[in-house]
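Open the model in your viewer and keep the selection tool ready.

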Amino acid sequence: MATVTARWSVEDLRARKPVALTAMVDDNLPRLLAGALAIGLSRADAEEAVQETFVAFLSALDRFEGRSSVRTYLFGILYHKASNMRAKARREMGTDDIEAVVEARFNEGGMWSRPPRGPEAMSLDAELSRWIEKCAQGLPDAQRAAFFLKEVEGETPEAVCNILGVSATNLRVMLHRARLKLRECLEHNWEKSK
Amino acid sequence: MKLMMSFMPNCREVAKTLCGDGLAAEPWRRRLLIRLHLTQCEFCARFGRQMDRICEALKASWSEPRGEDVEAFKRRVIERLNSP
């Protein structure tokens, strides 16, 4: 995978060239900060985690082999640090109530017995966005991180697995549960608002 | 028609695909059957639209933070990285 951009290269970073350091931070800091905020860190904690991520990246630069992109590598460090900060590093394994909740919506023939309800309009109105954002805050850290990396950052499943240290099967389960929970939560909020 | 209906995925299977890897990950034949199901099933179509909305909303909500405070934070980080 390419580790060289037009503005800086890993070799420049190893040589601690100030221009390269500045450009690398400039290229990656906003996305990392968005990623840290997306998993629910406060602004102060998110800034601390991002800053420590860059420091750790530079310290480990000699061991960076370029098998993943710099950004993927940075996200790996960030989520490791964020998990430690929140002391909530949890793997989403085993059973989860959401599976049973959703399963109860279907009859034996697999048809809806309790059809989905909730908002339909395709426009992104502010209230709906607020509900969804609030629902996302209720997701476990790992599910939020997986959702952010896959759906917002557009990382490949392999890269997300690498960053979060989970298997492809585990990632699929995490994303599946995250989407189900978000939809159930959205419907719940919509019904409460009526 | 009866034969085709016997191949048609049920609502549980359609919902599982929509909140799983999505239609694009399915083989074309199954993708076609799911699309057909979605044209006929109001509930699954609603479920699909809600999934799309959730994704769009979170993309907007988790977009890159911008502004003067981000620039100031960038400067602090760069200063720390450049310090011996």
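How do the residues of the lining of the largest pocket divide into nonpolar, polar and charged? There are 12 nonpolar, 3 polar and 10 charged. (Ala, Val, Leu, Ile, Met, Phe, Trp, Tyr, Cys and Pro count as nonpolar, Asp, Glu, Lys and Arg as charged, and the others, Gly among them, as polar.)

Before selecting anything, note that this is a predicted model: local features need pLDDT of at least 70, side-chain atom pairs count only at pLDDT 80 or more, and totals for chains, interfaces and linings use all residues. Residues are numbered from 1 along each chain as its sequence is written, chains are lettered from A and ligands numbered from 1 in the order in which they are written, and side-chain values use heavy atoms, with hydrogens and water left out.

**Stop 1: the pocket**

The largest pocket has a volume of about 510 Å³. (A pocket is an open set of points on a 1 Å grid over the protein atoms alone, where a 1.4 Å probe fits, with protein on both sides within 12 Å along at least five of seven lines; lining residues have an atom within 4 Å of a point. Points are joined across faces, edges and corners, and the volume is the space filled by probe spheres set on them.)

Select A:Glu151, A:Arg179, B:Gly20, B:Asp21 and B:Gly22: of the 25 lining residues, these are the closest to the pocket's centre. Next, colour H7 (141-152), H8 (157-164) and H9 (168-193) of chain A, and H4 (42-61) of chain B; each gives two or more residues to the lining. (Helices are DSSP runs of H or I, at least four residues, numbered from the N terminus.) H4(B) gives the most, with 9 residues.

**Stop 2: the interface**

Show both chains. The contact (heavy atoms within 4.5 Å) takes 38 residues from chain B and 57 residues from chain A.

Zoom in on B:Asp69 and A:Arg43. Their side chains meet in a salt bridge, 3.4 Å from N to O. (A salt bridge is a side-chain nitrogen of Lys or Arg within 4 Å of a carboxyl oxygen of Asp or Glu.) The interface has 7 salt bridges.

Now select H2 (11-18), H4 and H5 (68-82) of chain B. Each supplies at least two residues of the side that touches chain A. H4(B) gives the most to that side, with 15 residues.

**Stop 3: within chain A**

The whole structure holds 29 salt bridges over all chains. Select A:Arg31 and A:Glu153, whose closest N and O atoms are 2.4 Å apart in a salt bridge. A:Arg31 lies in helix H2 (residues 18-38) of chain A and A:Glu153 in the loop between H7 and H8 of chain A, so the pair ties together parts that are 122 residues apart in sequence.
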